[in-house]
Amino acid sequence: MLWGCFSAAGTGRLVRIKGKMTAAMYSDILDENLLQSALDLRLGRWFIFQQDNDPKHKAKISKEWLQDNSVNVLGWPRLESD
C-alpha cells in the first residue's frame, strides 16, 4: 500500500506502507509527510486536504492531528447503501 499526495503544483511525498495500516500509523504518516509536502510544493498553510471516508481517516487520532495542525479538510459525502 502507498500513501501519497498531489496538487496542481505537483506531487508530494510518497510513502510505502508495510503491513496493515492503522489510524496511529496514518497519523504518523501525516505528521512526517503532509505539511512538508505542502511546504515543498509552496502551497502555504491554506491548502485543502482531501481524503475519503476510510475508517483510519475518520478515527479520533487522525481527526485530532488534522485539527491540531490546522489542516483544512474537504468534506466527503457519506456513502448511502441502496
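Leu14 sits in strand E2, which spans residues 10-16. Strands (E, at least two residues) and helices (H or I, at least four) are DSSP runs here, numbered from the N terminus. The model is a predicted one, so to speak of local features a pLDDT of at least 70 is needed, side-chain atom pairs count only at pLDDT 80 or more, and totals for chains, interfaces and linings use all residues. Residues are numbered from 1 along each chain as its sequence is written, and side-chain values use heavy atoms, with hydrogens and water left out.

Back to Leu14: with 61% relative accessibility, this residue counts as exposed. The cut-offs are simple: buried means under 20% relative accessible area, exposed means over 50%, and partly exposed is in between (1.4 Å probe, protein chains only). Setting aside neighbours within four places in sequence, Leu14 is in contact with Leu2, Trp3 and Gly4, where contact means heavy atoms within 4.5 Å. Strand E2 itself pairs with strand E1 in the antiparallel sense, over 5 bridges; for two strands to count as paired, DSSP has to find at least two bridges between them. Together E1 and E2 make a hairpin with 2 residues between them. One of the bridges joins Ser7 to its partner in E2, Gly10.

Helix H1 comes next, by way of Asn33, which lies in that helix. Asn33 has 8% relative accessibility and so counts as buried. Leaving out neighbours within four places in sequence, its contacts are Trp3, Arg13 and Val15. With Arg13 there is also a polar contact between the two side chains, at 3.5 Å. That term covers a pair of N or O atoms within 3.5 Å; within protein, one must be able to donate a hydrogen and the other to accept it, and residues adjacent in sequence count only if both atoms are side-chain atoms.

Now for the nonpolar core. In soluble globular proteins, nonpolar side chains tend to be buried together. A core here is a set of buried Ala, Val, Leu, Ile, Met, Phe, Trp, Tyr and Cys residues joined through side-chain atoms within 4.5 Å. The largest one has 15 residues, and those touching the most other members are Trp3, Leu30, Leu34, Phe49, Leu66 and Val71. Strand E1 (2-7), H1 and H3 are the elements that give two or more residues to this core. H1 supplies the largest share, 5 residues. Leu14, by comparison, is 35 residues from Phe49 in sequence and 15 Å away in space, C-alpha to C-alpha.

Helix H3 (residues 60-68) shows how a helix can have two sides. Its buried residues are Ser62, Trp65 and Leu66. Viewed down the axis of H3, these buried residues fall within an arc of 95°, so they line one face of the helix. The arc is taken from the directions that run from the helix axis to the C-beta atoms. Lys60, Gln67 and Asp68 are exposed on the other side of H3. The cover over the buried residues of H3 includes helix H1 (23-40), strand E3 (48-49), helix H2 (55-58) and strand E4 (72-73).

Side chains of opposite charge can pair when their charged atoms come close. The structure holds 2 salt bridges, each being a side-chain nitrogen of Lys or Arg within 4 Å of a carboxyl oxygen of Asp or Glu. One links Lys56 and Asp54, at 3.0 Å from N to O. Lys56 is buried, at 18% relative accessible area, while Asp54 is partly exposed at 23%. Another links Lys60 and Glu64, whose closest N and O atoms are 3.9 Å apart. Both of these residues lie in H3, 4 residues apart, or about one turn of the helix. Lys60 is exposed at 62% relative accessibility, and Glu64 is partly exposed at 36%.

Arg42, in the loop between H1 and E3, has a positive phi of about 55° although it is not a glycine. With 78% relative accessibility, Arg42 counts as exposed. Ser70, in the loop between H3 and E4, also has a positive phi of about 55° without being a glycine. Ser70 is partly exposed, with a relative accessible area of 47%.
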